[in-house]
Structure formats: C-alpha cells, structure tokens
Amino acid sequence: MDFKYEISKAISNAAGIDENEILKAIEIPPNSDMGDYAFPCFKLAKTFRKAPPAIAAEICGKIEKPPFVSEIKIIGAYINFFTDKSFFAKEVITKVLAEGTEYGRSEKGRGKTIVIDYSSPNIAKPFHVGHLRSTVIGNAIYKIHEFLGYNCVGINHLGDWGTQFGKLIYAYKHWGSEKDVEEKGIEELMRIYVKYHDEAEKNPAMDDEARGWFVKMQEGDEEALTLWKWFYDISIKEFERVYDMLGVKFDAYTGESFYNDKMAPVVQELKDKGLLKESEGALIVDLDEFSMPPCLIIRKDGGTLYATRDITAAIYRKKTYNFDKCIYLTALDQNLHFAQWFKVIEKMGYEWSGDLAHVPFGLVSLESGTLSTRRGNVVLMEELLNKSIEETLKIIEEKNPDLPDKENVAKKVGIGAVIFNDLYNGRIKDVVFSWERMLSFEGETGPYVQYTNARACSVIKKAGICEISGEIDFSKVSDESSAEVCKLLDIFPSKVVDSAAKYEPSVISRYLVDLAQAFNKFYHDNVILTDDEETRKARLAVVMAVSNVLKTGLGLLGIGAPEQM
C-alpha cells in the first residue's frame, strides 16, 4: 500500500482538489508527536477564501478515515495523520521481505535510454582526488537509473587529444627514457610534464616546438602518433586499475580523439545552415539572442575546440544510442561552456537539444591549496584508496583481529568510506579534501552504515534463520522506535526516485544514515532475541528488512556491504 497516495486520495475526496497536487504537498512531520503524515493547508487560502486553520478543520471534518489511520488531528494549519502502527508495520515489512534486495526497484525507465558522460580524466596525467567526484557521482547516477529500469550507457570521454600531448612528446624526447616510462608509467610521464612547465617558464620558445609536435599528430605523423598511443595505453592500464578498486565500469571509452574524423561534416553542417560567422579569423556561432558570448567552433589557425568535439559527440551519441537523456558530469565552472554548445545544437534544429543536461558538481581542493597537475600538487587516487584500506585494517586488527577475510572487509570498508564521504555531500558543494575527515569511522559515514548492516546480519546469524515463515504478530513491533524504522523503510522507493530526478546521490546516502540511526535506536530499545517467540519473530522481521534496504542502498552508491566487521 502507498500510504501517502491513500491519504492524498482521502483528502482529495473530502476537499475536491486534484490528488496529485495533494500528494506533492504531503509532508513527513519532524517528530512522531505530530503524526506520521501531514498536509499543510496554506496554499488553499486563495481557493477557499478562508484562514488556513479554518480550511484544515473544514476538510478534516469531511475526511473518511482510511483503515490504516488511527487518528486525524488538526495542528494549526496542518491536517495530521497518525497511522495504526501494527497495520503500518505489517504492510511495510511484509512488502520489504517479499521483495528482498529488489525492494525499491521499478520499471519507471523501461524503454528509455540515458547516456551518462562521467569521470573523463586526461591521458598521461595521474588519476587524482580531483577526478573522484565525477567518477563516483556518475557511477551512482548510473546504478540508480539502472535500478529504475533505464537502459544506461556509461561513457568515459577521455581527455586524449590536444596541445598538452605536444608538450609531453617534447618533454619525453628531452628528459624521458623508454625504460623509465615502462617501469614507472604515469608517475614518470607526470614528472617530465611538470619539468616541461618549469623549463617553459624560462624558455617560452619551447611552446612553439610543443605545438609543432601536436600539429604532427594532427597530420598523422607516425612517430608522433606512436608516442601518443603509447602514452594512451599506459594511462588506460593505470586508470582501469583504479576503476577496478572503485568498482566502476564504463560501456564505452570514447575520448576526444575518437571524434577527430567526425568533426568536418558537423562543421560543414553548421556552414550549410548559415550558423557560422567569421570573427577575427575564427569561426563562431553567434549567441547574442541568448545573452551569451559566441561559441567558438574553429580557431583562427584552423584548429578545433572542446565545443566542436562536444557538439560532434552529442550528434554521434544521439545517432548511436537514440538517448532520451544525455547528461554530462563536470565541474560547476563549466556551466557556460555547456550552455553555449547546447544552444548551438538547438540552433541546428535538433529537437532533442532539450534532452541534454549538464549536471555540475563542486570542486575538490587540498587544505593547502588547489590541485594542479602542472605543479605536481596532487593526491593520487590509488594512494588515497590504499591508505584508507590500510587505516581500516589497523582498526580491524585492534577491535576484531579474528575477523574472517579481514583484508577483503578492509577493502570494502576503506573504499566505501572514501565514496560515501563524497556522496554524503550535495554534489554542488565544494569539498576540501582532508585525510583526517575522509578516514573518520564515526558519525555520518559509510563505515557507520556498513557496521549497522553488519550488526543486523550478526543478529540474524545468531537467530539461526535465513527467512521468516508463518504468520507474524505485528502488534509486537508497534512501539515508537519500531514505527520510526518502518516509516523510513516505507519511503525508500520514493527516495530512489527523488535521487534519480535530481541527479543527487546524497538523497540516498543521507537516507541510509537516517535509517541506520533509527535501527540502532530500535536495537537499543528492544531485545531482539527474546524468549517470547512471537516478539522475537516480529523483531527479526524488522532486522531483516533493514538489512535488505541498507545493502540495496549502499549498492546503489557503489559501496559493498560486508556481513561481518
């Protein structure tokens, strides 16, 4: 039963108002003394031409009480509904147990394709914490939409083309060696790249030579392309090692270079449609009508730009995947870039331009300053993950040294701590990277949620059962702490939908902390494995339901759920 829907229907019948409008307005009160659901009557003042409290009283008098509601009260301008806790627990727990880890899944997205462009690091540069946000937010958005029935396509649009490769080739030929690059990989490429920028400050003429190498790449020079491909292969190998640690996979690695032979027809199309204008030797699309600066398509030296590639990539993706939505996970400071080329797609006459969405996120910075690959001022992602695993293992050795498979548990908890820390913040918020905060295992953290699930699994294991059979007396779980858990379990499906609609994984991560806290209060207030068989069975049903939802929720965030910690 959808309790919010049933309540909205009852109010609709009494007030003669559209039930969907009521459904949107129904709230969960901040504490149970104010009921389990509440409908505010403020917005009805114009329609009814009365004070909101009078409207609430009038509607309340006409409501036919649903069977699961024990009491309806007027509190100010709110109509507050108190549920019959036994009835409510029966409906919710029975449904969660019947559906297991499928609880919350839906076919809402059936037949729809969503393309998600995320992570997208630069080739030949280290995978550092600055890439963490796009990677884990994108991965969670992928998993959440997939859970709702969408056909998801994850694309890693690698930064694998541009003048930086001319600089890297120059640096390699002056200060690198095949042996060092083969042995040290990206670490060595990073060293010579940083050295290039140090030396170029003293000798700006180096930039001309570096640009010359990139021109050779564009012209198909065998030596230049062989070096570029070598750097590319080394980078992919190292990136995939980090992705494997994070549990992240992509359906396609189509970086900037993939579109090199696909841009000319798009530029020609822009010309044919009369959209290109010359400006100081460059070719632009004028966006004055949208109060935006022009979108630069071709530089005065004939070179293409990010916008040229992005427009080409969007057209290619529409033809290849026929997406219903194509979203781009990048930093907030790229808002204008995306707004500009989205408008170019619109001006080209493509109706699907409205299906393109930029999903921005805040930046990660170090406590000591901003991240910069040019200066080597980075925290490597692999280093961070390994340190988190190492710190977790120390805690396990101290608190539970006999834990079976502790290395694997440390990996799930350590990496989960890093992912959860990022996804607990709203994606638009800037994050200052801190080792101490990142590796904290107390409070509103991934390890706290994982430990709560492990605690639930431990209770189930001690009970010696794997499922509940027979009738359950749900009056045994009608106390306040049990009811609070049931209330949270009931809203999990709506939280998944809300998270997808907002492209906001923090909706789920914050929900999981709330559920873990409510469960721990339930655990504290009630003896689960009591001698009273009916009470024991009902409370174990609650424990199993919570474990199911915690596992599912963590999985949607890309985090493991060990059964022992």
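The expected span of a helix is 1.5 Å times one less than its number of residues. The model here is a predicted one.

Q: How do you know that the span of helix α13 (residues 306-321) agrees with what its 16 residues should give?
A: At 1.5 Å a residue they should span 22 Å, and the end C-alpha atoms of α13 sit 21 Å apart, so the two agree.

Q: Which residues of α13 are buried, and what happens just after the helix?
A: The buried ones are Ala307, Thr308, Arg309, Asp310, Ile311, Thr312, Ala313, Ala314, Ile315, Arg317 and Lys318. Just after α13, Asn322 takes a positive phi of about 45 degrees.

Q: Why are α12 and α13 called roughly perpendicular?
A: Helix α12 (residues 263-272) packs on α13 at an angle of about 95 degrees, with the axes 9 Å apart. Angles of 65 to 115 degrees count as roughly perpendicular, so the pair gets that label. On the α12 side the contact uses Met263, Val266, Val267 and Glu269, and on the α13 side Thr308, Arg309, Ile311, Thr312 and Ile315. By class, that contact has five nonpolar, two polar and two charged residues.

Q: What makes α5 oblique to α19?
A: The axes of helix α5 (residues 85-99) and helix α19 (residues 480-502) come within 9 Å and cross at roughly 40 degrees. Roughly parallel needs an angle under 35 degrees, and roughly perpendicular starts at 65, so α5 ends up oblique to α19. The crossing is left-handed.

Q: Which residues make the contact of α5 with α19, and how do they divide by class?
A: From α5 come Lys85, Phe88, Ala89, Val92 and Ile93; from α19 come Glu480, Ala483, Cys486, Lys487, Leu489 and Asp490. They divide into seven nonpolar, no polar and four charged.

Q: Why is Val513 called buried?
A: Its relative accessible area is 1%, and buried means under 20%, so Val513 qualifies. Val513 lies in helix α20 (residues 506-525). Leaving aside neighbours within four places in sequence, Val513 is in contact with Phe420, Tyr424, Glu444, Tyr448 and Val449.

Q: How do you know that Ser8 counts as buried?
A: Ser8 has 0% relative accessibility, and the cut-off is under 20%, so Ser8 counts as buried too. Ser8 is found in helix α1 (residues 3-15). Not counting residues up to four places away in sequence, Ser8 touches Glu19, Ile22, Leu23 and Ile26.

Conventions
Residues are numbered from 1 along each chain as its sequence is written. This is a predicted model: local features need pLDDT of at least 70, side-chain atom pairs count only at pLDDT 80 or more; totals for chains, interfaces and linings use all residues. Side-chain values use heavy atoms; hydrogens and water are left out. Helices (H or I, at least four residues) and strands (E, at least two) are DSSP runs, numbered from the N terminus. Buried means under 20% relative accessible area, exposed over 50%, partly exposed in between (1.4 Å probe, protein chains only). Contact means heavy atoms within 4.5 Å. Axes are lines fitted to C-alpha atoms, for helices over the stretch in contact, and angles run from 0 to 180 degrees between N-to-C directions. Angles under 35 degrees count as roughly parallel, over 145 as roughly antiparallel, 65 to 115 as roughly perpendicular and the rest as oblique. A crossing is left-handed if the near helix is turned anticlockwise from the far one by less than a right angle, and right-handed if clockwise. Ala, Val, Leu, Ile, Met, Phe, Trp, Tyr, Cys and Pro count as nonpolar, Asp, Glu, Lys and Arg as charged, and the others, Gly among them, as polar.
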